[in-house]
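Me: Hi! Could you walk me through the charged pairs and some helix packing in this one?

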Amino acid sequence: MSEHTVKAFDEDITRLRGLIAEMGGLAELSIQESLDAMVRGDGELAEGVIKRDKKIDAIESEVDKLAVRIIALRAPMADDLREVIAALKIAGVVERIGDYSKNIAKRVGKIEGRGTFEPLTLLPAMGEIAAEMVHDVLTAYAARDPVLAREVIATDEKVDAFYNSIFRNVVSYMVENPAIISSAAQLLFVARNIERIGDHATNVAEMVHFAATGSYPPDEDGA
Amino acid sequence: MQTHGTFPWSGATLAIVTSLILASATGQFLLAVAVLLVWMGTLWLAHWSPPEVQRIKEVDSYDTSRLSRLIENSGTPILLTDRNRIIVANHMARKILGRHILEQDARVAFRQPEAIALLDARANGRARIRGLARRRDVWLLNRQQLDDDLAVIELLNQTAEEDISRAHTDFVANASHELRTPLASIIGYVETLLEDGPATKPEMRQKFLGTILGEAKRLQNLVSDLMSLSRVEAEKHDRPQESVRLRPLVEQAARDAAGIDRVSRLELRLDDVPPVLGDPRQLEQLVRNLVDNALKYGKPDQPVTVELLENAAGEAAISVTDRGDGIAPEHIPHLTRRFYRTDPGRSRASGGTGLGLAIVKHIVERHAGRLDIASQRGEGSTFTVRIPRQQDDTPPA
């Protein structure tokens with residue numbers, strides 16, 4: 001982006017982008033740690049994830065204030081305006097991603113019989129893909145790279161396929177082992193949360209594409 | 001202590017003359033001496049006080065354009081930040097983090113919470129961060145404050161060290177189990193043969209010896225696969241430099257893998273693609289492993305298609321398609337794990353070591369390519385390897 005005559009505007013935009021990156025970094029770590037906590041049954045780690053969500057929320061409101069201030073004071077136009085609007089929306093979505101991680105962390109204590117609970121081993125691979133999507137989309141945001149953003153959108157299919165496979169798997173496990181239905185149901189919610197994280201990463205990717213090119217990416221799967 | 005300039009003789013003379021006049025005019029000799037002392041004292045202080053000017057000059061001399069030239073060609077990624085805004089990034093830093101980080105908030109480049117804590121504290125220190133350029137890498141970030149605004153950030157890649165320690169534990173955990181199973185049956189059968197001695201019936205002896213041979217061959221395959229895996233892993237961090245023409249290589253490797261008795265099942269559709277940077281021996285092994293798998297797990301009377309083409313993104317794409325039972329979707333993400341088997345019994349029966357795809361994955365990673373697996377239950381599976389085309393090292397503008 002070329003330099004602006006008003007130096008302060010550049011500084012504001014840089015700060016805004018820095019805040020979004022910081023938020024994203026926190027959300028990324030939360031996804032990883034909430035899943036680690038879930039698999040290992042680590043209550044302390046889960047506690048840390050739940051606490052971190054407050055920080056993410058605080059940064060979101062900081063982004064909101066800054067974005068509104070930029071619009072009010074500097075009246076940005078064209079790509080600058082897109083940048084600010086995208087940042088505003090992305091902050092909201094990243095905050096949601098943080099919420100889903102928090103929700104996963106909250107369910108850590110509710111899973112019983114971890115050692116023999118087979119479906120639990122399916123989650124990390126799915127979480128891995130979702131975490132990678134979030135990582136890539138934040139990189140795409142930092143680089144203003146619409147190509148990488150489109151790649152992230154394409155990856156969402158994999159997460160959805162994984163979700164369906166885990167869903168079937170867990171349901172058949174429930175049928176066979178009625179004793180642990182409540183733990184298995186918790187797991188379904190966890191899988192659902194990961195799937196939503198993937199969807200939200202896709203949303204961010206669309207906004208990155210919008211901020212970079214001015215148009216939303218074409219719907220490839222027609223969904 | 002050093003003198004700077006000449007001694008202020010004029011000042012001293014003036015002080016002495018004034019004191020003399022004072023003494024002779026007022027007659028108060030003591031007062032005159034006191035005035036002289038104070039006067040000379042101030043002259044002394046002003047003259048020999050530590051040179052303050054020098055220090056200010058030093059701070060000013062952080063000339064960023066000079067510093068940037070100094071660090072530009074260093075092999076270590078180094079950045080300069082001005083109040084946490086990146087103002088200079090050397091060649092390596094731009095290569096790893098991307099050109100876009102210039103003039104950005106340092107948090108855009110380092111969004112890991114540990115790094116941000118260090119940046120916000122504006123202090124000297126180190127932080128270990130994960131997932132800087134790729135999601136699995138580990139870097140040590142070293143930040144040193146130069147003055148109130150400027151700071152240097154140096155990045156040290158720790159991924160290799162981390163990998164080595166993890167690889168060791170993995171290897172001990174998996175390989176010892178896999179090596180012990182055939183050994184146990186070899187030892188068992190040999191013990192039986194020894195104990196019974198000549199009393200063993202010839203047909204039993206023959207059967208036992210056959211099993212021992214089979215198990216020993218399995219061990220041999222396993223050891224050679226483990227060795228190629230460790231070789232690929234050892235070279236994982238240096239990119240291959242040789243320019244490779246894929247078409248003849250893929251054709252030869254596919255035929256080698258099939259052997260005389262299975263070559264009729266091969267269906268080759270090979271286009272000419274631009275050369276890629278690669279390691280020909282490893283690429284051959286990659287094709288051999290994929291084709292061997294496809295022939296093994298496809299239906300015995302059905303063909304295996306090997307395709308080579310240049311895709312829309314300009315990458316060379318090698319795909320191997322079998323027509324077999326396909327792979328259940330829940331297995332697909334795990335296929336490249338060492339010793340992972342969808343059906344252990346069947347894989348053992350066909351002489352698989354559980355390492356073939358792990359080797360493929362490592363070779364693909366070393367070539368900065370991608371491996372995609374698509375499968376339809378009941379129809380077959382397609383393994384596609386994409387390798388980026390050869391290009392010069394300079395990062396895109």
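Reply: Happy to. A quick definition to start: a salt bridge here is a side-chain nitrogen of Lys or Arg within 4 Å of a carboxyl oxygen of Asp or Glu. Please keep in mind that this is a predicted model.

Me: Fine. How many salt bridges does the structure hold over all chains?

Reply: Over all chains, there are 35 salt bridges. One of them joins the side chains of B:Glu310 and B:Arg389, with an N to O distance of 3.0 Å.

Me: And where do B:Glu310 and B:Arg389 sit in the chain?

Reply: They link distant parts of it, 79 residues apart. B:Glu310 belongs to strand β9 (residues 304–310) of chain B, and B:Arg389 lies in the segment after β12 (380–387).

Me: Is B:Glu310 buried, partly exposed or exposed? And what about B:Arg389?

Reply: B:Glu310 is partly exposed, at 36% relative accessibility. B:Arg389 is partly exposed too, at 38%.

Me: OK, over to B:Asp372. Which side chain does it meet in a salt bridge?

Reply: That of B:Arg386, at 3.2 Å from N to O. This pair also links distant parts of the chain, with B:Asp372 in strand β11 (residues 370–376) of chain B and B:Arg386 in strand β12, 14 residues apart. B:Asp372 has a relative accessible area of 27% and is partly exposed; B:Arg386, at 22%, counts as partly exposed as well.

Me: Now chain A. What does A:Asp199 pair with?

Reply: Its side chain forms a salt bridge with A:Arg196, 2.9 Å from N to O.

Me: Nice. Changing topic: how do helices α4 and α5 of chain A pack?

Reply: Helix α4 (residues 123–143) and helix α5 (residues 146–176) of chain A pack at about 165°, with axes 10 Å apart. That angle makes α4(A) roughly antiparallel to α5(A). The crossing is left-handed.

Me: Which residues make the contact?

Reply: On α4(A) they include A:Met126, A:Ile129 and A:Met133. Among those on α5(A) are A:Val152, A:Val159 and A:Phe162.

Me: And what is the contact like by class?

Reply: The contact of α4(A) with α5(A) has 15 nonpolar, two polar and three charged residues.

Terms used. Residues numbered from 1 in each chain as written. Chains lettered and ligands numbered in written order. Predicted model: local features only at pLDDT ≥ 70, side-chain atom pairs only at ≥ 80, totals over all residues. Heavy atoms only, no water. Helix = DSSP H or I, 4+ residues; strand = E, 2+ residues; numbered from the N terminus. Buried < 20%, exposed > 50% of the residue type's maximum accessible area, 1.4 Å probe, protein only. Axes fitted to C-alpha atoms, helices over the stretch in contact; angles between N-to-C directions. Parallel < 35°, antiparallel > 145°, perpendicular 65-115°, else oblique. Left-handed = near helix turned anticlockwise from the far one by under 90°. Contact = heavy atoms within 4.5 Å. Nonpolar A, V, L, I, M, F, W, Y, C, P; charged D, E, K, R; others polar.
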